[in-house]
Amino acid sequence: MTSSAIRRASGGISVARLEVVAELATLINTTFDLDEIFRTAILKLPRVLTVRRASVVLVTEDRSHYAIHTLYDRERGGFVTAHGGGSFPIDAGLTGQAIVSNHPVHVDDFEGRPDLRGPTEGRVSVLAIPLRMEGRVIGALTLGAPEAEAFDDEDFELTRVIGRHIETALHYSQLLATISRQRDELGQKNAEVKAEHRRLELLIEASDSAVAMVQEQKVVFANNAFARLTGMAHEDLVGSTMDAVHDRLAPMLKDASAIVAERAALEASRPLRDQLELVVPSRATLQRTVAPLLDNRGAILGHFVLYRDVTLEAEAGAAKDEFVSVVSHELRTPLASIKTSLGLLARGAAGPVPEPMQELLDIGLRNLDRLIRMVEDLLDLAKIERGTDAVTLGVVNAESVTRCALQAVSGLAQARRIAIAMRFRASGMQVVADGDRLEQVLVNVLGNAIKFSPEDASVDVSWRMTDGWAECVISDEGPGIPTDQLERIFDKFRQIGSASTRRHGGAGLGLAISRRLVDQFGGKIWAESEPGRGSRFFVRLRLAENRIS
C-alpha cells in the first residue's frame with residue numbers, strides 16, 4: 001500500500017487539509033513577508049503530504065533563468081541554501097518544464113538527480129505547479145516525495161490550491177512594494193514641491209510687481225506688493241474673495257469698468273493682457289495680466305493675476321510716439337516741396353537737362369519717394385496706435401482690391417523681373433474690411449514678397465475658403481524666415497537679417513501696420529516659412545453675409 005493510501009485509511013485527512021488551507025489564507029491576510037509565507041506553507045505540507053523536499057522558485061526579470069527563493073530538504077535538516085546559488089536555465093528539469101509550459105507537472109516514478117536523492121531513496125515522485133501573476137508565469141512550487149507513486153489526484157489538487165495561495169501572497173507583496181515605492185516617491189515629490197513652492201514664493205515676493213494666485217475666486221497667495229496695491233493687510237488679503245479685491249480696486253481706477261474684463265477672465269480659461277490707468281492714490285499706468293494655471297491634462301487649477309507698474313515705459317513710449325509724429329509731420333511738407341522742385345528740374349522746367357544730371361535727378365527722386373513712403377508709414381502707425389484713424393468696415397470684393405494692390409506693385413515686380421500669379425477658388429468672394437486699408441495690407445505683403453525674392457522668381461497670390469473664413473495666401477521664393485523670427489517680423493522697425501537685408505529698403509513698418517489693420521478688421525495675419533524654401537503670408541478675414549455671388 002502506498003503512503004497516500006495509508007494516510008487516507010488513517011482518517012481525518014480531509015479535515016487536516018482544510019485546516020492547512022485555512023491557516024495559509026489567514027497567514028496571507030496578516031503578513032506580506034514572502035519568506036515567512038513560503039516557509040510556513042512548506043512546513044505545513046508534511047501534515048497532509050509525504051514531502052521530503054520542497055522549493056519555491058521565481059523567474060528572473062530577463063526570463064532566461066529561475067532562481068530558488070526558498071528550499072526545504074528534510075534529509076539535510078530543514079531549510080537550506082541551494083548549491084551554486086540556486087539559479088538554473090528557465091527550462092531546466094521538471095520545474096523548468098512547468099514554468100515554460102505553464103502547466104502543472106505530476107511524475108509518479110522519477111529517477112531524479114543523484115545529488116538530490118537521499119541515501120536510501122530509489123525512484124521518487126514529483127509535483128511542480130507553475131505560479132502565475134496577471135496571467136504570466138513568475139515561478140513554481142515543486143514538491144518531492146522519497147518514493148514512487150506518493151502523490152494521488154487529491155494530493156495534486158491540494159498542491160494546486162496551495163500554489164494559488166502562494167500566488168495571492170506574491171500579488172499582495174508586489175502590490176505592497178508598489179504602494180510603498182509610490183509612497184516614498186510621493187513623499188519625496190511632496191518635499192520637492194514644497195521646497196519649489198517656497199522658492200517660488202520668495203521669487204514672487206522679491207518682484208516689484210503685484211502678484212496673486214487665485215483658486216475658486218479666492219486669493220490663496222499674494223505678495224506684499226499686491227497687498228499695498230489693494231490697500232489691504234496681507235493677512236486679510238489671503239483667503240479673501242476676488243469680489244472683495246475688486247471692490248477695493250474699482251474706485252482707484254480711471255475706468256472702473258476694467259474690472260468687468262478681469263472678472264470675465266477669472267471665470268474662463270482665456271488669458272487677459274492689457275493696461276489700466278490708476279488715479280488713486282497716485283496716477284500710474286499698470287500692465288495687467290490674468291492667466292489660467294492648467295495641469296498636464298488642461299484642467300484649470302486656478303489663475304495668476306499680476307499688476308506691473310509701467311508708468312515710465314508708457315510715458316517714454318508716448319513721448320517717442322509724439323516725437324515721431326511731430327517729426328513726420330514736419331518732414332512731410334518740405335519733402336513734398338523738394339520732390340516737386342526736383343520733378344520740375346527733371347522735366348526741363350529750368351532748361352535742358354544734360355544726361356548725367358538727369359540720372360542724378362532720377363536717383364534723387366527715387367530716394368525721395370522712399371523717404372516719403374517711410375514718413376507716411378510713420379504717420380499711419382502713429383494714428384493707428386492712438387486710435388485717431390479708425391478703419392471703416394464694410395463689404396469689400398476680395399478680387400477687386402487684390403487687383404488694385406497688384407497694380408500698385410507692378411512697377412517693382414517688373415524692375416525685379418518677378419512674375420505674379422493670382423487665382424481665386426471662389427469667385428465673387430466678399431470680405432469684411434476697409435477697402436483702402438486692405439489694399440494697403442496687400443501692397444505691404446506683396447512688396448515684401450517681391451523685394452525678398454530673387455530676380456526672375458515668381459510670387460503666388462490666392463484666395464480660398466478655410467473654416468468659414470476668407471484667406472489670402474501670398475507665397476514667395478525668397479530665402480525664408482527663421483522660425484524664431486516669424487512673430488518678430490510684425491514688430492515695429494523689425495527686419496530680419498539686420499544689415500544684410502537693409503539693402504531691400506524700408507523701415508520695417510509695413511508688416512507692423514498690416515497686423516494692426518487686420519486686427520481692426522477682426523481678422524488675423526501670420527507667416528509660415530522654412531529657411532531656404534520661401535515664405536507664405538496668410539491674411540484671414542471674415543466673410544460678408546453675401547460672400548459668394
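Contact, in these notes, means heavy atoms within 4.5 Å.

**Ground rules**

I'm working from a predicted model, where local features need pLDDT of at least 70, side-chain atom pairs count only at pLDDT 80 or more, and totals for chains, interfaces and linings use all residues. Residues are numbered from 1 along each chain as its sequence is written, and side-chain values use heavy atoms, with hydrogens and water left out.

**S125**

I started with S125, which sits in strand 6 (residues 124–133); strands here are DSSP runs of E, at least two residues, and helices are runs of H or I, at least four residues, both numbered from the N terminus. Is S125 buried or exposed? It is buried, with a relative accessible area of 0%. My scale: buried is under 20% relative accessible area, exposed is over 50%, and partly exposed is in between (1.4 Å probe, protein chains only). Leaving out residues up to four places away in sequence, I listed what S125 touches: V107, D108, L143, G144, A145, E147, A148, E149, A150 and F151. The S125 side chain also reaches the backbone oxygen of D108 at 3.1 Å.

**R53**

Next I looked up R53, in strand 1 (residues 53–59). R53 counts as buried at 18% relative accessibility. Its side chain makes a polar contact of 3.1 Å with the side chain of D73. For me a polar contact is a pair of N or O atoms within 3.5 Å; within protein, one must be able to donate a hydrogen and the other to accept it, and residues adjacent in sequence count only if both atoms are side-chain atoms.

**Whole chain**

I then stepped back and noted 15 helices and 19 strands in the chain. Of the 549 residues, 42% are buried. Contacts between residues at least 6 apart in sequence join residues at least 24 apart in 58% of cases. The accessible surface comes to about 29,400 Å², with 53% belonging to carbon and sulfur atoms. Those areas are from the Shrake-Rupley method with a 1.4 Å probe, and for residues only the protein chains shown count as cover.

I traced an open sheet of five strands in the order 9-8-12-11-10, with antiparallel pairing. Strands pair if DSSP finds at least two bridges between them. Its edges are strand 9 (218–222) and strand 10 (272–278), each pairing on one side only. Neighbouring strands are turned by 25° on average, direction ignored. Strand 8 (residues 210–215) and strand 9 share four bridges, and Q215 stands opposite K218. Helix 9 (residues 258–267) packs on this sheet, touching strand 10, strand 11 (284–294) and strand 12 (300–309), with its direction at about 15° to that of strand 11. Axes are lines fitted to C-alpha atoms, for helices over the stretch in contact, and angles run from 0 to 180 degrees between N-to-C directions.

Another five strands form an open sheet, 14-16-17-19-18, and here the pairing is mixed. Strand 14 (419–424) and strand 18 (524–529) are the edges, each pairing on one side only. I noted an average twist of 15° from one strand to the next. Strand 14 runs parallel to strand 16 (residues 458–466), joined by six bridges, and A419 stands opposite S458. Helix 12 (residues 398–408) packs on the sheet and touches strand 14 and strand 16, its direction making about 175° with that of strand 14.

**Helix 15**

Helix 15 lies across strand 18 and strand 19 (535–542), at about 25° to strand 19. Helix 15 (residues 510–521) reaches 17 Å from first C-alpha to last, close to the expected 16 Å; the expected span is 1.5 Å times one less than the number of residues. Nine of its 12 residues are buried, so helix 15 is largely enclosed by the rest of the structure. Among them are L511, I513, R515 and F521. Just after this helix, G522 takes a positive phi of about 85°.

Which residues cover the two sides of strand 15 (residues 430–433)? Q430 and V432 lie on one side and V431 and A433 on the other, all buried. Strand 15 pairs with strand 13 (residues 394–397) in the antiparallel sense over four bridges, and V395 stands opposite V432.

Last, helix 14 (residues 435–451): 12 of its 17 residues are buried, including R437, N444 and K451. D434 caps its N-terminal end, a side-chain oxygen lying 3.2 Å from the backbone nitrogen of D436.
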